[in-house]
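Subject: Structure for your attention

Dear colleague,

Please find below the sequence and structure that I am handing over to you. My notes on what was found follow directly after.

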Amino acid sequence: MAGQASNPVPAMTVHHPLEKPVVVVGPQFLTQYPIDLTIANDFRVTDFNGTLIFSVKSKSMSIHDRRHLKDAAGNILVTLKEKIKTMHGRWQVFRGESTDEKYLLFSVKKSSLMRFRTQLDVFLASNTSESAPNFKVKGSSIYLGDGESNVIVAEMFKRHTFKTASSDTDSFAVTVYPNVDYAFIVALVVILDEINVDRSDKAVVVGAGVEAGVGAGVEAAVSSIISG
């Protein structure tokens, strides 16, 4: 209609090309295109077609809280271990099942105890000084470096409910950008969930071990990721 403004064209989002691939867990977890992964409340990670890519299992009743990220065949890729007696909710991630320091891949800690929304600093094992993070989790995005460069390597999206033959399942999505280790990104999302959840509120079901608690914090974590 004359005199009426036309509908605006949505702006294109620019993702800066990475100078080199981000490889943390392994080069086999790189793709040349963005991939969308769905993470269900039981931490089964599937691709767009519903194919199982990863799963997360727990070491039940351990004083040192641990998670194992496994591939679709059940092989342990990395072990996620919470460091006790730390103020900033620090986690360490090791290659395979060992927690020997020589297998350390990276560590994660909260950037600040005063923020309502959790922000995480991620340090590769080679970054012994930790003067600046190698990656940063802010809001729903994971950034290369300290986050000031605005180079995003992955983004998390609101959970949705999809229907299966027997029930409705809550989940949320992660888009991992090209040449970024998607096993590394999934490990970060699991740690973010763990840090966001008040551990005392998790349901520990006798007989189910802590498996029931592994995904119990997904909703709380997503709320924290997306809010604000």
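I begin with T31, whose side chain reaches the backbone oxygen of Y33 at 2.6 Å. Please bear in mind throughout that this is a predicted model. T31 lies in the segment before β1, the strand of residues 35-40. With a relative accessible area of 12%, T31 falls under the 20% limit and is therefore buried. Leaving aside residues up to four places away in sequence, T31 touches P178, N179 and Y182.

N179 is found in the loop between β12 (168-176) and α1 (182-196). Its phi is near 65°, a positive value in a residue other than glycine. The relative accessibility of N179 is 21%, so this residue counts as partly exposed.

For the chain as a whole, the secondary structure comes to three helices and 12 strands. The chain has 228 residues, of which 45% count as buried. Considering contacts between residues at least 6 apart in sequence, 42% join residues at least 24 apart.

I turn next to β8, β9 and β10. Strands β8 and β9 run antiparallel and are joined by three bridges. Within this pairing, V122 stands opposite F135 in β9. Strand β9 is in turn joined to β10 (residues 141-144) by four bridges, and these two strands also run antiparallel. Here K138 has S141 in β10 as its bridge partner. A hairpin is formed by β9 and β10, with two residues between them. G139, in the turn of that hairpin, has a positive phi of about 60°.

The loop between β8 (120-124) and β9 (135-138) contains N134. Which backbone atom does the side chain of N134 reach? It is the backbone nitrogen of L124, at 2.8 Å. N134 also touches V122, F123, N127, Y143, L144 and G145, as well as L124 itself, when residues up to four places away in sequence are not counted. Between N134 and D146 there are 6.6 Å in space, C-alpha to C-alpha, and the two are 12 residues apart in sequence. Is N134 buried or partly exposed? N134 counts as partly exposed, because its relative accessibility is 23%.

E130 is likewise placed in the loop between β8 and β9. Its phi is near 55°, which is a positive value in a residue other than glycine. E130 counts as partly exposed, because its relative accessibility is 27%.

Finally, I come to the pockets. Rolling a probe the size of a water molecule over the atoms shows where empty space is left. The largest pocket holds about 220 Å³ of space. It is lined by 12 residues, and those nearest its centre are L18, K20, P21, V22 and L144.

With kind regards

Terms used:
Residues numbered from 1 in each chain as written. Predicted model: local features only at pLDDT ≥ 70, side-chain atom pairs only at ≥ 80, totals over all residues. Heavy atoms only, no water. Buried < 20%, exposed > 50% of the residue type's maximum accessible area, 1.4 Å probe, protein only. Contact = heavy atoms within 4.5 Å. Polar contact = N/O pair within 3.5 Å; in protein donor to acceptor, adjacent residues only side chain to side chain. Pairing = 2+ DSSP bridges. 1 Å grid on protein atoms, 1.4 Å probe; cavity = no way out; pocket = protein on both sides within 12 Å on 5 of 7 lines; lining within 4 Å. Points joined across faces, edges and corners; volume = space filled by probe spheres on them.
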